[in-house]
Amino acid sequence: MKKTTLLLTGTALAVGATSAFAGSITAVSWGGAYTKSQIEAYHKPWTAATGNVVVSEDYSGGIAEVKAQVDAGNVTWDIIDVEKSDAVRGCDEGLFMEIDPSTLPAGADGTPAEEDFVGGSFTDCAVANIVWSTIFAYDKSAMPNGPETIADFFDTTKFPGKRGLRKSPKATLEMALAADGVASADIYDVLDTDEGVDRAFAKLDTIKNDVVWWEAGAQPPQLLADGEVAMTTAYNGRIFNAVAGEGKPFEIVWDAQVLDVDMWAIVKGAPNAELAMDFLKFSTATEQLAAQASYIAYGPARKSSAPYVTTYHSNPDLEMGPQMPTAAANLTTAIPNDFEFWADNADELNERFNAWLIN
């Protein structure tokens, strides 16, 4: 008889079934509420269907750790959840296996996978699972008449207090330009010039002394809860989870949200590549993507998942559709992330950003 097990050791979580014949994969993701949503919607159902174990590990993004494993010929990770720009870079650098979208299962309505996924869901080496965004949020119990625009985030006179920002140029530079008056549609045209980069950093200079930097997705809700910041950028699903799951009085401001997709990629030389591919196909199926959306407010990458997205898993009165970054009301000033821009410019802008931090 198979026995479902839940093993917790540090940041590694194994969800699986003990069996002499069970295989295992190591799936790497972002931790916190996001990984929990994957465990509930992907890992546990895949284990129930196959008997295989999923060992879940956390990381903070980027491809440095993947590159170190591949270069050393000592790959321990099988599948990893990456931002699209990192999926492109990792593929270009030979760190990820190529994936043929035509091998993915059709949608629940019979639509071929290549037509069922939203635009931009495929790279040569990765398949999207969610649409998410970087937003900013505040505690409305502490600030009843809170900010309404990205310009307000940068206005420490009108809205005093510390600001939380991700310790990365991604989304940070885009939001800085938006706050400085650049229209959402023009952000990357401006950022693709030396003058535009200077302009973004000049805007960041105006709040630099008031910034609390965060690196992991679980940090912004905690910064707000502890009163360490008046407002903070964050991944939209993390703030939603704090509100819906923990009852926090936080409010999301959707102005100048930076839209992105996260994708599954299989590491080149993965010790369990075949099982990882089976898991990838399973977890990006219509039903699994819809199931994840009942745990966290990230939009499914498949169109056929939409009819299956209903309510929050523990609150049947909370409709999930309006909570998504892709809801029409939230898209008015959205900035779709230009993954090609970041794939081409990440190294240079990271270097500039890190130098700016210490000056």
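A salt bridge here is a side-chain nitrogen of Lys or Arg within 4 Å of a carboxyl oxygen of Asp or Glu. By that criterion the structure holds eleven salt bridges. This is a predicted model, in which local features need pLDDT of at least 70 and side-chain atom pairs count only at pLDDT 80 or more, while totals for chains, interfaces and linings use all residues. Residues are numbered from 1 along each chain as its sequence is written, and side-chain values use heavy atoms, with hydrogens and water left out.

One of the salt bridges joins Arg-302 and Asp-116, at 2.8 Å from N to O. Arg-302 sits in the loop between strand E12 (299-300) and strand E13 (311-312), and Asp-116 in helix H4 (residues 113-116), so the pair ties together parts 186 residues apart in sequence. Helices (H or I, at least four residues) and strands (E, at least two) are DSSP runs, numbered from the N terminus. Both Arg-302 and Asp-116 are buried; buried means under 20% relative accessible area, exposed over 50%, and partly exposed in between (1.4 Å probe, protein chains only).

Helix H8 (residues 194-205) contains Arg-199, which forms a salt bridge with Asp-180, the closest N and O atoms being 2.6 Å apart. Arg-199 is partly exposed, with a relative accessible area of 33%, and Asp-180 is partly exposed at 32%. Asp-198 forms a salt bridge with Arg-352, with 2.9 Å between the closest N and O atoms. This pair links distant parts of the chain, since Arg-352 is in helix H13 (residues 339-358) and Asp-198 in helix H8, 154 residues apart. Elsewhere, salt bridges that share partners join Glu-83, Asp-86, Arg-166 and Lys-170 into one network.

A nonpolar core is a set of buried Ala, Val, Leu, Ile, Met, Phe, Trp, Tyr and Cys residues joined through side-chain atoms within 4.5 Å. The largest has 63 residues, and those touching the most other members are Ile-79, Ile-80, Val-82, Phe-96, Ile-239, Phe-279 and Leu-280. Strand E11 (residues 250-266) supplies the largest share of this core, nine residues. Another core, of 37 residues, lies apart from it and includes Leu-165, Ala-171, Met-175 and Trp-342.

Which residue in helix H12 (residues 286-292) can be examined next? Ala-290 is found there, and Ala-290 counts as buried because its relative accessibility is 4%. Ala-290 and Val-243 are 47 residues apart in sequence and 20 Å apart in space, C-alpha to C-alpha.

On the exposed side, Asp-124 is found in the loop between strand E6 (122-123) and strand E7 (126-139), and its relative accessibility of 55% is why Asp-124 counts as exposed.
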